[in-house]
Amino acid sequence: MSEYEFDLFISYSRHGSVQKWLLNHFYGKLRECLADEYGSLNVYMDRQMPSAVHWPSNLRDALQRSKIMVQLLTPPYFESPWCMAEMRSMQAREKMLGLAGHGTSSQGLIYPILYGDSENFPEEGRVRAWRDFKDVAYPDPSYQQSIDYNKFHHKVKELARDLAQLVAQAPPWQPDWPLVEVPEPVLLPTPPLPRFA
């Protein structure tokens, strides 16, 4: 392969309620709104990984073959070695291209979305302007039945318009995009099989 495979790569921490929000609301609504704005974009989320793949390699390859990274920011995001490796890999790509750094006003390749309390972010988590989704950060499925869900839809629709423009401006793919090494995964013991009497 010598091209991009994904337009967007969603980077998030699995701690807290953000993963539930992503699965229950954000991912599906983002794909709908992107289809309205652009037609069709490929969005990578680690939940769509095929069975039996080496997941660290799959994540690394997906990031390297993605145009834009969408960050879902929470305090645990900055405590996750995996999230930090993803962020620093994309920052290294931006640096290589002369994007989003000091002395430039150009848009970068990282699109941050504020989900959780930014008061507890480290300094490096506060240097880039984000799109604030804290007021629509309700993870439970019942949120879809509320009147406030229209506000969520409107915010995702605006976001999709931004992302579609950003994807259209992405630089050509390069095989030497830098990757920050991710830590080896902690292997959890296999759960016991249920016993049937």
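User: Is Ser17 buried, partly exposed or exposed, and what is its relative accessible area?
Analyst: In this predicted model, Ser17 lies in the loop between S1 and H1. Buried would require under 20% relative accessible area and exposed over 50%. Ser17 falls in between because its relative accessible area is 30%, and it is therefore classed as partly exposed.

User: With which residues is Ser17 in contact, leaving aside its neighbours within four places in sequence?
Analyst: The C-alpha atoms of Ser17 and Tyr138 are separated by 8.4 Å, although these residues are 121 apart along the chain. Once neighbours within four places in sequence are set aside, the contacts of Ser17 are Tyr115 and Pro139.

User: Which strands are the edge strands of the open sheet?
Analyst: The sheet has five strands with parallel pairing, in the order S2-S1-S3-S4-S5. An edge strand pairs on one side only, and this holds for S2 (43-44) and S5 (131-132).

User: Which residue in S2 is the bridge partner of Phe9?
Analyst: S1, residues 6-11, pairs with S2 in the parallel sense over two bridges. In S2, the partner of Phe9 is Tyr44.

User: What angle does the direction of helix H1 make with that of S1?
Analyst: H1, residues 18-37, packs on the sheet and touches S1, S2, S3 (66-73) and S4 (110-114). Its direction relative to that of S1 is about 160 degrees.

Terms used: Residues numbered from 1 in each chain as written. Predicted model: local features only at pLDDT ≥ 70, side-chain atom pairs only at ≥ 80, totals over all residues. Heavy atoms only, no water. Pairing = 2+ DSSP bridges. Helix = DSSP H or I, 4+ residues; strand = E, 2+ residues; numbered from the N terminus. Contact = heavy atoms within 4.5 Å. Axes fitted to C-alpha atoms, helices over the stretch in contact; angles between N-to-C directions. Buried < 20%, exposed > 50% of the residue type's maximum accessible area, 1.4 Å probe, protein only.
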